Amino acid sequence: MKFDMDYIAHHNELTETNPYFKLFLTIILLILTLALDNLYFDISIFVVMSIVILTIAKISWRSYLKFLSIPMAFVVITCLFLIFFFGKGEVIYETGIFGIVVTTDSLHYGVYTFFRVVGCLPLLGFLALTTPIAKILHCLATFKVPKIFIEIALLMYNSIFIFLNEIDTMQKAQETRLGYHSYWNSFKSLGALASTIFLRSLDKSETLQHSLDSRGYSGELPIYEPRKRE
Amino acid sequence: MLEVKNIKYSYNSDYQALKGVSLKVEKGEMVALLGKNGAGKSTLFLHLNGIYEPDEGQVFIDGEELKYDKKSLLKFRQKVGIVFQNPDDQIFAPTVEEDVAFGPLNLGLSMEEVQDRVEEALARVGMSGFEKKAPHHLSGGQKKRVAIAGILAMKPEIMVLDEPTAGLDPQGVTNLTKLLRELNDEGITIIISTHEVDLVPNYAKRVFVLVDGLLIAEGSPKEIFAQPDILKQANLKVPIVTELFQKLEAEGFDMENDYPLTIDEAKDKFLELIDKN
């Protein structure tokens, strides 16, 4: 199964819920989690938000795990570094390699950072998995976030999907011709893929510019307000 | 009315894409621009609303010369809408309705007017109910419709479509052809670039043939498809029904130099031949 966050954001039980409410809830809880810096609070937020995502928004646990897995990997690595390489204070464990030690300080940092992130992830997940990006950008626009940021976000978001598609197609084409058959091959194929994507992105940006110009683009993306429906 | 006078355009010093193209399309016409890949069709189209500025030559719309300052460009781009070959190049907004609204909003219309136009355009292409959908979740045919709606919402006088049937399934092609004919009946001038010769006689009254940046022929589908040398130069073929009748002629049937181009014409011709023999 492929993990398509955007598809999930458009097809879950909370898609139509007021985006302002979701955005506020997320921001307030994020601030709370970061400010309180309390392990119990972190864990309870993690549990509560996971339950919300899985049972109320009805997002499959597989998708949710996939969403968590990538940042989790980063968090684990970061926290390991924190524990072994940072902090001063009383030494509580010696690895015996290059004098790398764990101190009370670093252990404290590592553990707290880990749980803080663990608490924040489902919060962000709640927003990202249940709210289509268009709605978030609309909210930001009404909060007077500078237009330029919103425009860049919008165009980037659009291009990401085109590129993911393109990478997917190219990768399949390479695999068909055994491009990833051996270790060395994989390097070469990946290099070719990256450079082609770069060239193609230049091409695409030019065509997009043409098509935007063609519809009277003036350098500023206007904001559409859909008619309110009952 | 759209007129192109002796347009020349080079991408760089050793490649001239257009070598002096002139053509004239009357108001309310539906014409086809035939030519092989790389003949310069897309390049020519990008001149029609001022995306490219020709090295030499002029473009006239309603008898008025196209100018390249901001204000006149906006005016001409409202009049001449281009539907790009690949809808992904055109659709950029996160929802269907926002994308369709993009053009009208750029024209500076009131929000209410824009909302009306969005609804109308989506209904016109049969995409009502998809307003809130994300474009990248739509099928190719649906994306094409949204792309057309985005242009329709600007209420253009002339609509230019770059290979609109490329990549569509047969049903999609039929639906699109029907839609374009309806739009033409409503008074929109339509210019289509294509190399699908089977379809051309169904909708086009006039055909232009572009080869290597030069217009080599112009006429009704009947006239164009009766010139094998032109077709050969342009890497084209006669429609498949026409080919059938040419083969029948080789078997000894007298066609009186009148080969059918569409299925309907072929049917009549068949009945006529059966009657005769």
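Modeller: Two strands pair if DSSP finds at least two bridges between them. Let's keep that rule at hand as we go through this predicted model.

Biologist: Happy to. What makes strand β4 and β5 of chain B a pair?

Modeller: Strand β4(B), residues 56-61, and β5(B) are joined over two bridges. The rule asks for at least two, so they count as paired. The sense of this pairing is antiparallel, and B:F60 stands opposite B:E65 in β5(B).

Biologist: Which sheet has this antiparallel pairing, and in what order do its strands come?

Modeller: An open sheet of four strands in chain B, with the order β2-β1-β4-β5.

Biologist: Why are β2(B) and β5(B) said to stand at the edges?

Modeller: β2 (15-25) and β5 (64-65) of chain B each have a single partner strand, so one side of each is left without a neighbour in the sheet.

Biologist: On to a helix, then. How do you know that the span of α5 in chain B agrees with what it should be?

Modeller: Helix α5(B) covers residues 111-124, which is 14 residues. At 1.5 Å a residue the helix should span 20 Å, and its end C-alpha atoms are 20 Å apart, so the two values agree.

Biologist: And what makes you say that the buried residues of α5(B) line one face?

Modeller: They are B:V114, B:R117, B:V118, B:A121 and B:L122. Down the helix axis these buried residues fall within an arc of 125 degrees, so they line one face of α5(B).

Biologist: Let's look at whole chains. Why does the radius of gyration of chain B agree with a compact globule?

Modeller: For 277 residues a compact globule would have a value near 19 Å, and chain B has 20 Å, so the two agree. Chain B has twelve helices and ten strands, and buried residues make up 44% of the chain.

Biologist: How does chain A compare with a compact globule of 230 residues?

Modeller: The globule would have a radius of gyration near 17 Å, but chain A has 22 Å. The C-alpha trace of chain A spans about 65 × 55 × 35 Å along its principal axes. In chain A, 22% of the residues count as buried. Chain A has eight helices and two strands, in the pattern α-α-α-α-β-β-α-α-α-α along the sequence.

Biologist: Finally, how many residues of chain A are in contact with chain B?

Modeller: There are 27, and they meet 31 residues of chain B. A contact here requires C-beta atoms within 7 Å of each other. The elements of chain A that give two or more residues to this side are α1 (5-10), α6 (133-142), α7 (147-176) and α8 (183-214). By class, this side of chain A has 14 nonpolar, eight polar and five charged residues.

Note on methods: Residues numbered from 1 in each chain as written. Chains lettered and ligands numbered in written order. Predicted model: local features only at pLDDT ≥ 70, side-chain atom pairs only at ≥ 80, totals over all residues. Expected span 1.5 Å × (residues − 1). Buried ≥ 20, exposed ≤ 12 C-beta atoms within 10 Å, placed from the backbone. Arc of directions from axis to C-beta. Contact = placed C-beta atoms within 7 Å. Nonpolar A, V, L, I, M, F, W, Y, C, P; charged D, E, K, R; others polar. Rg over C-alpha atoms; globule rule 2.2 N^0.38 Å.
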